[in-house]
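This report covers a selected sheet, a set of charged pairs and a surface patch. The chain is shown first.

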Amino acid sequence: MSDNVPDMIWAKDLDGKFIFVNKGICEKLLYADNTEEPIGKSEMYFIERERRAHPNDPKWFTFGEDCADSDAIVIKSKKPQRFSEFGNVRGNYLFLNVFKAPLYNGKGEMIGTVGSASDVTGQKIIEKEKKRYESVERAVFEISLAVNTTNNLTDLFNVIRHELGKVIDTTNFYIALYDKEKDLITLSYFIDEKDEVVLLPGKDSITSYLIKMGKPLLMHQSEIITLASQGHFGLQGSVAQVWLGVPLIVNNETIGALVIQNYVNKDAFGSKDLDLMKYVSNQIGISVSQKRAEDKIRDSEYRLRQIIDTVPHLIFAKDKDSRFIMGNKATADAYGVTVDELVGSLQTSLHADADEAKSYLEEDRYVISQKKTKIITEQKFTDAEGNVRIFQTIKIPFRAKEKDERSMLGVAIDITEQKTAEIELKKAKNNAEESDRLKTAFLANMSHEIRTPMNAIVGFSELLNDPDLTDEIRREFIGLINENSKVLLSLIEDIIDVAKIEAEQLKVVESTCQINLIFNDLKNYYEKQLVKLNKTAIKIHLEKEFKDDKFSIVSDPLRFRQIMNNLLGNAVKFTEKGFIEFGYKVTNKDEILFFIKDSGIGLKPEKTEMIFERFRQGQESSTKEYGGTGLGLTISKKLVELLGGKIWVESVLGEGSIFFFTLPYRPVTGKKAEPFIRKSDKTLWKNKTILVAEDEQSNFELVKATLFPTNIQIIRAHNGKEAVNICRENDKIDLVLMDIRMPEMNGYEATRLIKEFRPRLPVISLTAYAMPDDKKKSMDAGCDDYITKPIKPTGFIDKLKNYLNK
């Protein structure tokens, strides 16, 4: 009866040897010839027999390893128990539902075990396949979900590999994408335990073969090698034991391929895996296609954002309520917010100036309602920092989306600098025109001022030739000639001083400046001048803080007297009656204040600053009435500044003026005050020789005169060629002063030649070329230093010291 049931039934003694078996266990598990063969033998006897028959197939028979263990459990517990036992039987998977119980004799003694097993392999396979199917469905769902949750294709590929790895081995995994238009395959994702990222050689790869075939492929190593030898594709990298690839197809178009491979186990993938990969490839293809499209859109949006954010102009869009729906970084920066903060904000809530915001709102509504472009050539814009800028703006009607309400697109260009430049240009033009006018007026006035004393000098000089003149008249004429000569000399000195100011050559020499003595002299002199000019209605007052006539400060007495003469001379010129008062007082320990006050004609408020400018006069329309060149105050201002002070004026038109200037307060103490003269250390180079390469005689004489106090020996070369020959023949030359522009050979070429045979001989370029690149040309030619003409004696000597005092 037991032989007729499909289940396996057996009994074993306590040593695990069969004492009873039915036909089912013999045929399905032990592969015994009959039910008698297993008696007295253990289960492992038959297992080892099967394994010995196929020693090279580790999966031929793996069942039975746990049988003895489960027998021992029943014997020890003395209780019936149920077990799940599984393994390969002759290479086929077998899953058994096993029941084992203790076996007793008539005396109640345990003599072994009894068992039965039913084959549930089919059921387990169904359960396993169901579980795998559920895992596959879950993977497909997660992959489709990842399209929206990942940032880019690489992130999506990571998710695909991770999810597929739950149902199939993805240790060696790659995804290739195919561009049909370019017929180009790119390896977009590659994870491999043997090879680094490999380049796909276009049409000559196993991947291109898969894409060309357009269907899933499962190939073992031998098939791969055979197809490669037949020229279907080339081999790259390590050849796998098994290779499984599926094309990614979307809308009947192949967009790429998904491949897994195994380098160790040729049975790692089978037909079921091929079906699985074919099934998931549809969703993977769709997901990859969507992600590629999203990435393209995102890349396009990113590029567009980068472009508009790079543009320095304001680019923005607003809806009908003047709410920003788009704006670039320049727009956001102008409002002091981020781009994200800008979008969704109302114009009125962002703008610093309410009137401007209202104006912008009206323009926006006009553009949207009238559907017309509006150009605003100049528009004020107050930014977040309160700076007022000028924009040139264009506003255009448009729709952000097809079904959206009409919106407005705007571009605003900051023309603040342009407008400022226009204003400055206009101002410069006006200044230039004013300067030309002033220069013309100055030249006309100068001509008048020069001709007036010259007329007297020339005229009275001619009259002196008259032999009939009496001695008294002759003396009067000579006096007038002397007086006008002094006026002309003073005028020439002013012109020279202005020229020195322009060339920054006006110098001061500090020494003892005896303030009280100078003021006493000035008071006496101008009292006599008032009498001579018949201005006796004017009284001169002198105010001194210190009464000691020896009161002195450290300054330049000559220039100080020049300043006072200019200011007192003006006071006398522009005052007809009343008073002139001048003096000084010490305002603090570091400063002394001088003033010259008069009750003259005064100045208009706008004239109080410009009278210190060149060619300016306080009463330009009355030049003939008062005379003068308009240079005195310009010279005085520069002199005061050179002496370390400042000058200004306070005036009321018709009531008079007060001129103030300050100087550093450095009182002179001790016995006899010695002048403060900068003593230049006398440089003696009587044992030195210098070569001056200079073709211009006057320039050579100037250098010679400048170097005369040093007693240096001077040799002259008239051109570059001569300079080279002298340096070659005379090894006593200690330094060369090289002019650049000379006949026969220029200074650059001469320097190069000299440096070839006397590289340590210092050569200094002495040239009228003074542009920045001229110095570079000299240094590139080999010169050690560079001096421009005209030379300044002190700086010139100091420069030579660096080379001759070594």
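## Charged pairs, a sheet and a patch

Arg-323 is partly exposed, because its relative accessibility is 31%. The model is predicted. The side chain of Arg-323 meets that of Asp-319 in a salt bridge, 4.0 Å from N to O. Asp-319 is buried, with a relative accessible area of 18%.

How many salt bridges does a search of the whole structure find? The count is 31. Side chains of opposite charge can pair when their charged atoms come close.

| Salt bridge | N to O distance |
|---|---|
| Glu-37 with Arg-49 | 2.9 Å |
| Arg-323 with Asp-319 | 4.0 Å |
| Lys-776 with Asp-780 | 2.9 Å |

Take Glu-37 and Arg-49. This pair links distant parts of the chain, twelve residues apart. Glu-37 sits in the loop between helix 1 (23–30) and helix 2 (43–53). Arg-49 belongs to helix 2. Glu-37 is buried, at 18% relative accessible area. Arg-49 is partly exposed, at 26% relative accessibility.

Are Lys-776 and Asp-780 buried or exposed? Both are exposed. They lie in helix 23 (residues 772–781). Because they are four residues apart in that helix, about one helical turn separates them.

Salt bridges also form a network. Its members are Lys-12, Glu-43, Asp-71, Glu-85 and Lys-100.

Five strands make an open sheet in the order 24-23-25-26-27, and the pairing is parallel. Its edges are strand 24 (713–717) and strand 27 (785–788), each of which pairs on one side only. From one strand to the next, the twist averages 20°. Helix 21 (residues 720–729) packs on this sheet. The helix touches strand 23, strand 24 and strand 25 (735–738). Its direction makes about 135° with that of strand 24.

Strands of a sheet pair through backbone hydrogen bonds, either parallel or antiparallel. Strand 23 (residues 689–693) pairs with strand 24 in the parallel sense, over five bridges. Which residue of strand 24 does Val-692 stand opposite? That residue is Arg-716.

Last, the surface. Phe-86, Tyr-93 and Ile-125 make a nonpolar patch of about 290 Å². Of these, Phe-86 lies in strand 3 (residues 81–89).

Notes
Residues are numbered from 1 along each chain as its sequence is written. This is a predicted model: local features need pLDDT of at least 70, side-chain atom pairs count only at pLDDT 80 or more; totals for chains, interfaces and linings use all residues. Side-chain values use heavy atoms; hydrogens and water are left out. Patches are made of residues with over 30% relative accessible area and no salt bridge: like charges are joined within 9 Å, nonpolar side chains (Val, Leu, Ile, Met, Phe, Trp, Tyr) within 5 Å. Accessible areas come from the Shrake-Rupley method with a 1.4 Å probe; for residues, only the protein chains shown count as cover. Helices (H or I, at least four residues) and strands (E, at least two) are DSSP runs, numbered from the N terminus. Two strands pair if DSSP finds at least two bridges between them. Axes are lines fitted to C-alpha atoms, for helices over the stretch in contact, and angles run from 0 to 180 degrees between N-to-C directions. Contact means heavy atoms within 4.5 Å. Buried means under 20% relative accessible area, exposed over 50%, partly exposed in between (1.4 Å probe, protein chains only).
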